[in-house]
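Welcome! Please take a look at the model below, and then let us walk through its aromatic rings together.

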Amino acid sequence: MGEIVAVAGVPHTPGFPALARTATAAGADVAQRYAAVDEVVERADADVLVVLTCDHINTFTPDMWPTFAIATGDGALGPNDDVPGVPPTAYALDAGVGATLHRGLVGQDFDPVALRGHSVDHSVVVPLHFLNTRGLPVVPVYLNGMVAPRPSAERCRRLGRVLRGALEDLPGRRIAVVASGSFSLEVGGPRMLPDQLYGVPRPGWARTVADWLHRGDLDGLVAQTTERRIEEAGTVAGEVLPWIAAAEMAADLSVAHMDHRDGEGHAFAAWGPA
Amino acid sequence: MSVHAIDRLCYDIAYEPGTLERLRADPRRELADRPLTADERDELLRGDVAALYRRGAHPVLLVRLAAFRVLGLDPALYAARIRAAEPRFSVPAPPERE
């Protein structure tokens, strides 16, 4: 029987890998925040990483946009967008785990696109940069948090439940899950800061999401995560949906780490061995 | 379908070989070859990202015009212009929250 041994959640700001390498207080701070999550993942001694994320219309196109997709191939190149400090990389994927999850999802009435070959953007690359120095094989799973209509929070929670069940059918595997993204973030829209290409329109919502996750109140989080509330929280705030799926996958684990700061739109979190 | 053509242009700047170079070299010609309306072409040539956003262009794609510094845009100018638009929502607010 397979076991989910750790679940993590982190932001994927493209500038963070380069920032973390600088000899600055901000660089040391961001490196430490990822390292605290990675400690939990490392202790869990996983043998595969399942990354739940939202593509930013890089892997998919304005012509073809899936609600759910899962990698079933054995490799992916990335980043396919701009991630300063991260060179072009060939990531090893676990095709067997991907195929098992695909079969499990279809068997439970989800219909994800199967990606036998694809490239990954910063939403996969940045978490792996900080949380996969051990080079574990990866399985990216995509949820549409970017383009309306998005799947409901309840459906994403159920996706997490089905993924958990499928993973438990994998004999002897030790699985870590990583949710990638923010709770409140505006990219490219009117609520950007005057001097930046992003903004955090609803920091209070981000605080509330972090509190719900910390308390394990997934019912409360799912009930309040509506399409309207997501859009009020920013153009990419649908990235909360992978977190909801991941939190459901963490149902048998306890919160080991939660790091959210007032004013920020994201959190650094981990469930697993304390 | 025209909004799709705006989105597709923004996507192609990064991923369709030659689009970025053609757009920089002769923006009018590049836009003429795409299924855009006259108003959309005019808004693109003026870098009027607020108008393009109001039409429904996806902001995650639209911002690439600034990132790649085409159509007279740069990040600061893009930010100043897009902030003039009202935020757009795909669903109405529930009555009790209006």
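## Aromatic pairs

This is a predicted model, and nine aromatic pairs are counted over all chains, taking rings of Phe, Tyr and Trp whose centres lie within 6.5 Å. A pair of aromatic rings is described by the distance of the centres and the angle of the planes.

## From F16(A) to Y34(A)

Let us begin with F16(A) and Y34(A). Their ring centres are 6.2 Å apart and their planes meet at 75 degrees, so this pair counts as edge-to-face, the term for angles over 60 degrees. F16(A) belongs to helix α1 (residues 16-21) of chain A and Y34(A) to helix α2 (residues 25-44) of chain A, so the pair links distant parts of the chain, 18 residues apart. Are these two residues, F16(A) and Y34(A), buried or exposed? Both F16(A) and Y34(A) are buried.

## From Y34(A) to F268(A)

Y34(A) also pairs with F268(A): the centres of the rings lie 5.0 Å apart and the planes are at 90 degrees, so this pair is edge-to-face. Here, too, distant parts of the chain are linked, with Y34(A) in helix α2 of chain A and F268(A) in strand β13 (residues 268-271) of chain A, 234 residues apart. F268(A) is buried, as is Y34(A).

Which residues do ring pairs link into a cluster? They are F16(A), Y34(A), F130(A) and F268(A).

## Charges over rings

R228(A) lies over the face of F89(B), 3.9 Å from the ring centre. In chain B, the charged end of R88(B) sits over the ring of Y53(B), at 4.5 Å from its centre.

Methods. Residues numbered from 1 in each chain as written. Chains lettered and ligands numbered in written order. Predicted model: local features only at pLDDT ≥ 70, side-chain atom pairs only at ≥ 80, totals over all residues. Heavy atoms only, no water. Phe/Tyr/Trp six-rings, centres within 6.5 Å; stacked < 30°, edge-to-face > 60°. Helix = DSSP H or I, 4+ residues; strand = E, 2+ residues; numbered from the N terminus. Buried < 20%, exposed > 50% of the residue type's maximum accessible area, 1.4 Å probe, protein only. Lys NZ or Arg CZ within 6 Å of the ring centre and 35° of its normal.
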